[in-house]
Amino acid sequence: MRLNFSLTTLIAALLLPLGSVFAEPIKFATVDYVPYVLHDDVHGRQGFLADVNVAIAERAGISISDEVLPMARAMKNLERDVTDCIVFARTPWSEEKFQPVAKVLDRFDAAIFTRAGLSIVGVEDLNGKRLAIPRGSFSDSSISSDPNIERVVTNDYEQSVRLLKAGRVDAIAGSELSIFYYFSVEEMKREDIGSILTIIHASLWLHCAKGLLADDVVMKLRQATDALRSEGVFDRLVQRYIPADFS
Amino acid sequence: MKTSLPKKLTKSLSFKQARAAVITGFVLGIGFSFIQITADMRSEIEQIDETFEQSLRAFEETAFQAAFGLDTELSQTVVNGLFQKQAIIEAEIIDSYGDVMFSRSRPPEERSLTWLADGLFGEVKSYSALLTDKNTGFQAGNLNIKVDTNVIAKAFFRRSGLILSFGIIRNVFLAVILTFLFHRMLTKPLRTLARLIHDGAQELPVPSSHHDDELGAIAAEYNQLSRSRAEAVERLEEEEVRFRRLFENSEVSLSNTDYSEVFRVLSKLRESGVTDLRRYLDDNEDVALNVFATIKILSVNNASLKLFEASSEGQLLKRARKTLGPLTIGMFKEQLCAIWDKRTAYRAETTFHTLTGNEVVGVISLPIPETEEGFRCIPVSILDITEFKNTETELTFRGEIIDGIGEGVQASRLSDGAIIYTNTVHDTMFGYEKGELIGKFVGVVNAPTEKTPEEVTAHIYGEIKAHGSWSGEVQNIRKDGSVFWCEVSATKFDHPVHGCLVVSVQTDVTEKKVTEEKLRQSQRLEAIGQLTGGVAHDFNNLLAVISGNQELLRDEISDPEQLKLIDASIGATKRGSDLTKSMLAFARQSRLAPENTNMNTLVQDTKSWIHRVLPDHINFVTSLSPDLWEVEIDRSAAESAVLNLIVNARDAMADGGQLSIVTENVDIERTAVGSLADELEPGQYVVVKVGDSGQGIPKEILSKVFEPFFTTKPAGEGSGLGLSMIQGFMRQSGGLVQVTSELNQGTEFTLYFKACRSTASAPKNVPASTLVDITAGARILVVEDNEEVLEIITMMLRRTGYSVATANTGDLAKAQLEVNADFDVLITDMVMPGETQGSDLAGHVASTYPEIPVIIMSGYTEIDSVQYQPSELAEPQTFHITKPVLRRELLSVIETALRPEV
């Protein structure tokens with residue numbers, strides 16, 4: 001009996017390292033929004049969150065697969081244990097549904113950007129103004145229901161930025177990182193816009209499905225993410241996608 | 001008479017034709033419409049499927065985007081877009097997780113033909129599209145719709161209704177038009193023709209507008225048919241007259257008979273469960289009679305009246321039942337069974353009774369119809385064969401006589417020699433099966449001789465053609481190849497069918513010929529024997545004179561040289577005497593001295609001297625039966641016979657071989673067949689077989705070997721008397737000698753000696769010739785017809801010292817004895833002139849003067865030729881001596897007779 005126990009222990013010890021080597025890669029998903037994911041970028045960039053996922057994986061020393069998905073499918077995948085981990089904004093909903101593992105970035109706010117010459121300090125300053133809002137976004141915000149704001153529904157942030165650049169709308173609403181990216185695409189400078197009014201503050205977190213990954217894996221992911229964040233790696237990655245004027 | 005033309009339009013041909021056309025058109029129209037509708041339905045279903053699958057394909061991309069992005073709003077847009085189609089009553093998008101992203105439905109339409117639409121297309125049709133990324137193959141979800149078949153079927157039903165409605169309307173119009181056209185073009189002209197035909201028109205007019213069509217053809221054909229029918233009726237009437245005449249004048253009894261009631265009765269019996277009619281009729285005797293009574297004779301011809309001795313048809317019909325007899329009833333039962341078994345015809349020979357009670361034999365025949373209708377009139381024929389049967393019986397009787405006679409009877413055609421008849425005896429005689437020779441050439445039974453069978457036949461046929469008959473003997477051959485003789489008596493006979501025939505009666509005469517041959521041989525040998533015996537007798541007398549004179553002369557001579565000469569002369573006389581003995585032996589006239597002899601002993605004794613006869617290269621073997629019976633024979637003669645056979649066997653084996661002697665007992669039964677039975681008395685015999693393995697005797701001379709002086713040996717080496725002497729000896733002894741021989745195999749002689757059980761008396765012969773004491777002065781009467789012999793004997797006896805008286809005949813001797821019987825001994829010859837022969841004289845002396853012993857002296861024994869009783873010879877006072885007698889022997893016998901105690 002004693003001998004058997006020793007042998008079993010020995011075999012387990014030998015097989016444990018092999019387990020990590022041959023283990024299935026951790027399934028990451030990235031939400032298909034620019035600039036978190038870029039398709040056919042002329043500069044060869046993969047997108048901010050794609051870069052983040054790679055950095056975390058490399059730092060944690062684990063193998064991952066990264067799948068680009070629409071937001072709803074990405075969330076449902078994580079909910080249904082199809083995807084292991086996703087980096088997205090932490091909310092009370094996300095805390096309930098998933099396991100927030102580690103913070104990636106504090107700066108993941110939603111804001112209203114006005115045209116040059118228009119300065120606002122509050123939402124009420126938009127009364128009588130034309131506000132471009134992508135279809136389906138800000139559904140819970142007052143800017144979607146305020147009858148005093150003339151809302152122009154766009155297909156995406158890119159269309160909103162172009163409308164703003166063309167002076168067709170007075171302001172646009174959207175995620176800061178996305179809007180900034182399109183500003184860079186449209187080669188707009190800080191002086192080309194007016195005020196920036198943050199209306200929703202949020203931080204970007206690495207979320208994993210509850211109870212799906214082993215604790216040691218989650219631990220590695222957390223440690224790697226924390227380390228990268230503290231080292232400013234993520235901030236540097238952000239700057240690859242937004243103009244310097246808005247960094 | 002009214003016409004049978006229809007009054008109502010609906011009964012008219014045009015209406016019927018139009019109706020048939022319309023119904024046919026309607027049925028075909030409906031059928032084809034249904035086919036069209038069915039094809040349309042299939043096309044409709046395919047079209048519907050294609051339409052809704054296209055709709056799904058149109059929304060598939062958008063639906064994929066909605067499902068992939070889990071965009072509920074977009075899903076709603078897609079579903080609502082699909083709902084623009086009225087037939088879609090349910091639509092939904094389901095994501096890859098199985099969750100319904102958006103679903104919409106509405107109730108199906110309510111329509112009157114919902115049941116039909118449900119039956120044709122199903123209650124609801126469902127379609128589904130799998131939402132797949134074309135690049136990655138990722139399945140984001142499903143787009144499903146359900147379609148209300150009522151909406152689909154609406155247009156289809158409308159089209160189908162139109163098709164059917166137009167079809168019906170078209171047929172109605174067609175019916176009206178066709179009825180009109182048919183009536184005008186067909187019915188009306190036909191009615192006209194029918195009316196004319198009804199009115200009996202022999203010739204129908206052909207309307208000008210119908211000259212070349214079917215109506216014109218009908219009219220023309222009718223006219224032709226009408227003319228042909230008129231001619232046929234005329235011919236039929238003539239035929240009827242002829243057939244009636246034939247029926248009435250036929251020699252065969254013909255009748256038309258109604259069997260319909262018979263058919264009904266049999267049908268009822270079958271329905272009532274009868275399965276075996278024969279048994280049923282046998283169990284119910286009255287049924288056949290009752291059924292017969294139901295037969296109705298419709299008509300009969302004159303031959304029927306004649307056959308049944310009826311004065312009129314009415315009388316025959318009325319008293320038909322009287323024609324039945326027991327045999328006829330049996331025949332009628334058979335007839336019923338034939339009908340029952342549904343055979344096609346019935347034919348039988350039976351005996352009928354005429355109305356006057358006479359019996360006639362006839363062959364009844366009738367066809368058996370297949371249907372009940374046919375039983376109403378069945379032609380029945382009865383052929384009167386009474387005369388034929390009588391003739392047949394007579395011929396059979398004669399044939400049996402010919403077949404039963406003990407001779408072979410054969411009939412052949414003179415023209416070609418073909419055999420056309422043989423009786424049983426003939427076939428048996430020739431070894432053929434009955435009738436096997438029929439058709440064969442008559443010469444096939446003739447044995448090939450110096451003439452071929454064809455030549456024999458040609459000779460006999462030639463004689464018959466010339467003289468009408470021939471008789472003679474023919475050598476025939478059996479089927480097994482054996483040849484036999486037939487006595488043939490052949491006569492020419494003219495036969496009405498076969499032409500000129502040769503009828504021959506043949507008798508197997510083989511046995512008769514063999515017997516005749518034996519008789520002829522026997523007679524020849526007998527004649528030779530008599531001749532030989534006579535010669536020997538005379539020669540013996542001569543020798544007796546010579547011998548006596550020589551002996552008397554010797555008494556007078558003392559010169560040794562002269563004595564030598566006279567002794568040589570006496571020796572030659574003795575050899576001459578031996579020769580005559582052989583001749584007498586062949587002639588069965590030897591003087592034999594029978595005594596009980598065991599042939600085994602005789603053969604054993606042979607061994608003591610045979611080595612002197614046989615050369616070393618001949619092996620001598622014996623096989624002797626241990627319990628051999630004794631025989632009563634002259635032992636000396638038997639030894640001589642065996643020696644003769646041994647010498648012959650030796651001569652037949654110049655190159656060596658084996659000589660065998662076998663003895664055995666045989667019983668010749670009274671029933672034995674063959675030569676033994678012919679030549680031997682039934683009884684027990686001892687057989688001695690002397691066989692050799694020499695060259696054998698050719699067949700052609702085998703039958704001559706027993707003839708005297710026949711020899712195959714070189715001149716001087718054989719007298720030719722050996723075998724003939726053996727044959728004479730054996731016959732004289734009551735036995736037989738037979739010979740069998742095979743070339744290069746050997747020859748075997750078989751001697752049959754009659755066996756004896758009683759002890760035979762010792763031979764009462766002359767004692768050994770030694771010097772005897774002479775009773776001087778004894779009175780002796782010598783009777784001898786030969787003067788020289790008498791003189792010599794007288795001189796010899798007187799010189800010896802006897803007192804001698806002589807007589808030349810038996811009659812003189814008898815007379816002399818009556819005068820003076822004072823004699824001590826009587827010596828007499830056997831054969832003499834006059835009434836009293838030697839034996840008569842001996843008998844007379846034995847009975848009248850018993851004290852006088854008698855010495856019978858003869859040149860041969862005369863046993864066969866002289867009639868005296870053997871008992872006489874057996875008298876104790878009678879002695880025998882054979883000429884030529886040497887003086888010493890004669891004196892010894894005389895002294896023995898004078899002194900019987902010696």
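**View 1. An open sheet of five strands in chain A has the order E2-E1-E3-E10-E4, with mixed pairing.** Here strands (E, at least two residues) and helices (H or I, at least four) are DSSP runs numbered from the N terminus, and two strands pair if DSSP finds at least two bridges between them. At the edges are strand E2 (64–69) and strand E4 (99–105) of chain A, each pairing on one side only. From one strand to the next, the twist averages 30 degrees. This is a predicted model, in which local features need pLDDT of at least 70 and side-chain atom pairs count only at pLDDT 80 or more, while totals for chains, interfaces and linings use all residues. Residues are numbered from 1 along each chain as its sequence is written, and chains are lettered from A and ligands numbered from 1 in the order in which they are written.

**View 2. Let us look at strands E1 and E3 of chain A, which pair in the parallel sense.** Strand E1 covers residues 26–31 and strand E3 residues 85–89, and two bridges link them.

**View 3. In chain B, four strands form an open sheet in the order E2-E1-E4-E3, with antiparallel pairing.** Strand E2 (100–105) and strand E3 (124–132) of chain B each have a single partner strand, so one side of each is left without a neighbour in the sheet. The twist averages 10 degrees from one strand to the next. E3(B) and strand E4 (residues 139–148) of chain B run antiparallel, joined by nine bridges. Across this pair, Lys125(B) stands opposite Val147(B) in E4(B). H1(B) packs on the sheet, touching strand E1 (88–95), E2, E3 and E4 of chain B.

**View 4. Helices H1 (residues 13–68) and H2 (residues 72–82) of chain B have axes that come within 8 Å and cross at roughly 170 degrees.** H1(B) and H2(B) are therefore roughly antiparallel to each other (angles under 35 degrees count as roughly parallel, over 145 as roughly antiparallel, 65 to 115 as roughly perpendicular and the rest as oblique). Among the residues that meet are Phe59(B) and Ala63(B) in H1(B), and Leu74(B) and Val78(B) in H2(B). Two residues are in contact if their C-beta atoms, placed from the backbone, lie within 7 Å.

**View 5. Thr809(B) sits in the loop between strand E23 (803–807) and helix H23 (810–819) of chain B.** Is Thr809(B) buried or exposed? Thr809(B) is buried, because 20 other C-beta atoms lie within 10 Å (buried means 20 or more other C-beta atoms within 10 Å of the residue's own, exposed 12 or fewer, and partly exposed in between, with C-beta atoms placed from the backbone). Not counting residues up to four places away in sequence, Thr809(B) touches Asp785(B), Met832(B), Pro833(B), Gly834(B) and Thr836(B). Glu784(B) is 25 residues from Thr809(B) in sequence, yet the two are 6.4 Å apart in space, C-alpha to C-alpha.

Notes
Axes fitted to C-alpha atoms, helices over the stretch in contact; angles between N-to-C directions.
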